[in-house]
Amino acid sequence: LFVGYILMQVPSNLLLNYMGRPSLYLGFFTTAWGLVSALTSQVSSYGGIVACRFILGLVEAPFFAGVLFYLSKWYTKKELALRMSIFYSGSLLSGAFGNLIAAGILNGLAGKRGMSAWQWLYIIEGTITVAIGLAICAVLPDFPDTWKLLSPEMKHVANRRLAIEAAEADVDDGDKMTQIKGLKLAFTDVKTYALAIAYMSLTAASGFQNFFPTLTETLGYNHIISLLLVAPPYIFMVVYSLFHSYLSDRFAHRFWFFVGPIPITIVGFIIFMTTHSFGPRYFSFFLMVFVFAQNGTIYSWIANAIPRPPAKRAAAYAFINSLGNSASIWTPYTYLEREAPYYYTALGVCIGMQ
């Protein structure tokens, strides 16, 4: 999955910036993402599943980095962190409720119409994604310069807001090579690499989210209760991260809002590794999830630190996101079954990366 995902990131964001029609571009790839996911249900061989996962990575790649760049085309520095957190809250809510939806499908549809539960999981979630992709094509506003429903006066206002803040217009040169120039500018800016390393470390430290049900199961309850226990820490963090990002925008500061949650998460990891009873271990989850408050901060920090031209910002977002997500390839291998229920290696890596 992540091979295709990482390879597609930078070309996709440059193409999005060049086309200037995020409604059609993001809508098309979201629809394709859902379609590939739904059709994965019909795979019957190892080679087939590998091919499907690779293609899924290709069509999924445009969405996340594309939306981050999209938001940076509409909002000023003082507005961006909160908007990034609102967007990222979708991921947190999916962490809260996605496992419950999956549990319902796996328990209720096994064997229906001659298909296994995992096939129904792909079909249902893929079909929902296709519907959302088509809706994006219809309702998502394009960039300020290219949105046909925006009056000339409002286009001027939207562009002027960003231009006043940066003392230059948020537009690329008319040169056909502007996307390549933007790519070169991004790859020769040391801030791109500093933020990429920070984001990769953050992604590695938040790798526990993929094993959250496994961690809650160590509390001694059955599978369904364990899935239910995942939701409250995520819901708490949705509310807190919006407040955290609002303050980051309000005080026009990124560094301390990025660094502040680090000691809180480290305390959470240590409590989980060193205690046995339900109360302290479950409380540790509420501390661990402070890692997600850092996401909205770093997403906006990228736009603030690498603002112009848009082609450079698009390439930087894609490169940082691709390098960051490379951590998702190796972090699952740190959760060693023999170390349950404390997972010293995995949470030690989380502490180290923080």
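1. In this predicted model, Met8 touches Phe29, Leu58, Ala61 and Pro62, leaving aside residues up to four places away in sequence.

2. Helix α2, residues 22-39, passes a simple check of its length: at 1.5 Å a residue its 18 residues should span 26 Å, and the end C-alpha atoms are 25 Å apart, which agrees. Of those 18 residues, 13 are buried, so α2 is largely enclosed by the rest of the structure.

3. The largest pocket holds about 2200 Å³ of space and is lined by 49 residues, with Trp33, Glu60, Ser91, Ser94 and Asn210 lying nearest its centre. Which helix gives the most to this lining? Helix α4, residues 77-108, does so, with 13 residues. Sorted by class, the lining of the largest pocket comprises 26 nonpolar, 20 polar and three charged residues.

4. Also in helix α4 is Ala102, which counts as buried at 15% relative accessibility, because the cut-off for that class is under 20%. The C-alpha atoms of Ala102 and Trp120 are separated by 9.7 Å, the two residues being 18 apart along the chain.

5. Helix α14, residues 293-305, likewise has a length that fits expectation, since its 13 residues should span 18 Å at 1.5 Å a residue and its end C-alpha atoms are 19 Å apart, which agrees. The helix is mostly covered, with 11 of its 13 residues buried, among them Ala293, Gly296, Ile298, Tyr299 and Asn304.

6. The count of aromatic pairs comes to 38. One of these joins Tyr88 and Tyr299 in an edge-to-face arrangement, at 5.9 Å centre to centre and with 65° between the planes. This pair links distant parts of the chain, for Tyr88 belongs to helix α4 and Tyr299 to helix α14, 211 residues apart, and both Tyr88 and Tyr299 are buried.

7. A further aromatic pair involves Phe255 and Trp301, whose ring centres are 6.5 Å apart and whose planes stand at 75°, so the pair is edge-to-face. Because Phe255 lies in helix α11 (residues 255-259) and Trp301 in helix α14, the pair ties together parts that are 46 residues apart in sequence. Phe255 is partly exposed, with a relative accessible area of 39%, and Trp301 is also partly exposed, with a relative accessible area of 22%.

8. Two peptide bonds deserve a look in the backbone. Arg308 and Pro309 are joined by a cis peptide bond with omega of about -10°, and Pro309 lies in the loop between α14 and α15 (310-325). Another cis peptide bond, with omega of about 5°, joins Ala340 and Pro341, where Pro341 has its place in the loop between α16 (327-330) and α17 (344-353).

Methods
Residues are numbered from 1 along each chain as its sequence is written. This is a predicted model: local features need pLDDT of at least 70, side-chain atom pairs count only at pLDDT 80 or more; totals for chains, interfaces and linings use all residues. Side-chain values use heavy atoms; hydrogens and water are left out. Contact means heavy atoms within 4.5 Å. Helices (H or I, at least four residues) and strands (E, at least two) are DSSP runs, numbered from the N terminus. The expected span of a helix is 1.5 Å times one less than its number of residues. Buried means under 20% relative accessible area, exposed over 50%, partly exposed in between (1.4 Å probe, protein chains only). On a 1 Å grid over the protein atoms alone, a cavity is a set of points where a 1.4 Å probe fits but cannot get out, and a pocket is an open set with protein on both sides within 12 Å along at least five of seven lines; lining residues have an atom within 4 Å of a point. Grid points are joined across faces, edges and corners, and a volume is the space filled by probe spheres set on the points. Ala, Val, Leu, Ile, Met, Phe, Trp, Tyr, Cys and Pro count as nonpolar, Asp, Glu, Lys and Arg as charged, and the others, Gly among them, as polar. Rings of Phe, Tyr and Trp (its six-membered ring) pair if their centres lie within 6.5 Å; planes under 30 degrees apart count as stacked, over 60 as edge-to-face and the rest as tilted.
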